[in-house]
Amino acid sequence: MNSHLSKFFRFDKSDLLVFFFFVCLAGVGATLLLWGKPQNKAEILPQTNQIASNSQEAPLYGNTATPSAARRSPAARDSLVLSKDYIGPPTSDRSYTSSRKLPEGITLPLNQADSATLTQVPGIGATFAQRIVRYRERLGGFYTLLQLQEVYGMTTEKFQQIYPYFTLGTAPQRIALGTLPYDSLPQHPYLNRGQRNAIARILYRDGKLQGWQQLANLPEFTRDDSIRLGHYFTF
C-alpha cells in the first residue's frame with residue numbers, strides 16, 4: 001500500500017516548479033490586497049473636519065452683509081444702517097397681492113379691472129384674480145355679475161363677500177355668428193362641441209344662419225342656450 005501511495009504523491013521537477021510558481025503568485029496577490037486597503041475612517045475624518053473649519057473661518061465677503069444675504073436673513077436686515085433715503089434691499093418673500101383693500105361702498109367695473117386691481121377687493125387674492133380675468137377673456141366679458149359664480153373655486157360665501165364691490169362696466173361685444181365661415185367658429189364656454197358642429201353643418205349647407213329659431217329646432221339647443229348665447233352672438 002505504501003508503494004502505491006508513494007507512486008501517487010510522487011512529483012517530478014516540472015511539477016515542483018509549477019507548484020512554487022502558484023505559491024509565489026498567491027503571495028504577491030495577498031500583498032497587493034493589503035497595501036490597497038483604504039485607510040481607517042477615523043484617520044480621514046480629522047482632515048475633512050479641518051478643511052471645513054478653515055472654510056468657516058474665512059468668509060468670502062468678510063464681516064460685510066451682502067444684499068442677497070440680507071434678503072435671506074431677517075437678522076442681517078435688522079443690522080443694516082438705514083436712513084430716510086436708504087431703506088435697504090427688497091425682501092425675497094414679497095407678496096404681489098395688494099395690501100390696499102377697498103372700503104365698503106367703493107366698486108370696480110368687473111369687465112375692465114385687471115388682476116392687480118381685483119386684488120384690492122376683500123376676499124380676492126392674486127390667484128383668484130387671475131382666474132376671474134382668464135374666465136372673462138374666454139367669455140368675451142361678463143353680461144351679469146351673477147356669472148362670477150361660474151369662476152373655478154367660487155363658493156357661495158366668497159361670492160356674497162365680493163359681489164357688492166363690483167359693477168358690470170362695459171357690456172360684452174357680440175359676434176355676428178350667422179355670417180361666419182363654417183370652419184371659423186369661435187371657442188366659447190357656452191358652446192359645446194355638438195352645438196358647434198350643428199352650427200357648422202348649417203353654415204356649410206346654407207352659408208348663413210336665419211336666427212335663434214333655426215337653432216331652437218335642433219336637438220342640440222334649448223331655450224336656455226338661446227338666453228346665454230344671445231349676449232355673445234347675433235345674426
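Select R228 and D225 in this predicted model: a salt bridge joins R228 to D225, with the closest N and O atoms 2.9 Å apart. A salt bridge is a side-chain nitrogen of Lys or Arg within 4 Å of a carboxyl oxygen of Asp or Glu. Both residues belong to helix α11, 3 residues apart, about one turn of the helix. Helices (H or I, at least four residues) and strands (E, at least two) are DSSP runs, numbered from the N terminus. Buried means under 20% relative accessible area, exposed over 50%, and partly exposed in between (1.4 Å probe, protein chains only).

The whole structure holds 3 salt bridges. Select R201 and E220 next; their closest N and O atoms are 3.6 Å apart. R201 lies in helix α9 and E220 in the loop between α10 (212-216) and α11 (223-229), so the pair ties together parts that are 19 residues apart in sequence. Then select D206 and R205, whose side chains meet in a salt bridge of 3.0 Å, N to O.

Now display the largest nonpolar core, which has 37 residues; L118, V121 and I132 are among those with the most contacts inside it. A nonpolar core is a set of buried Ala, Val, Leu, Ile, Met, Phe, Trp, Tyr and Cys residues joined through side-chain atoms within 4.5 Å. Helix α7 gives the most to this core, with 6 residues. Domain 1 (108-167) and domain 2 (174-234) both contribute residues, so the core lies between them; the domain bounds come from an automatic or database domain assignment.

Select T170, in the loop between β2 (166-167) and β3 (175-176). The side chains of T170 and Q112 form a polar contact of 2.9 Å. A polar contact is a pair of N or O atoms within 3.5 Å; within protein, one must be able to donate a hydrogen and the other to accept it, and residues adjacent in sequence count only if both atoms are side-chain atoms.

Finally, colour the chain by pLDDT, the predictor's confidence in each residue, from 0 to 100. The chain averages 77, and 63% of the residues score at least 70. Over residues 41-72 the pLDDT is below 50.

Residues are numbered from 1 along each chain as its sequence is written, and side-chain values use heavy atoms, leaving out hydrogens and water. Local features need pLDDT of at least 70 and side-chain atom pairs count only at pLDDT 80 or more, whereas totals for chains, interfaces and linings use all residues.

Technical notes:
Contact = heavy atoms within 4.5 Å.
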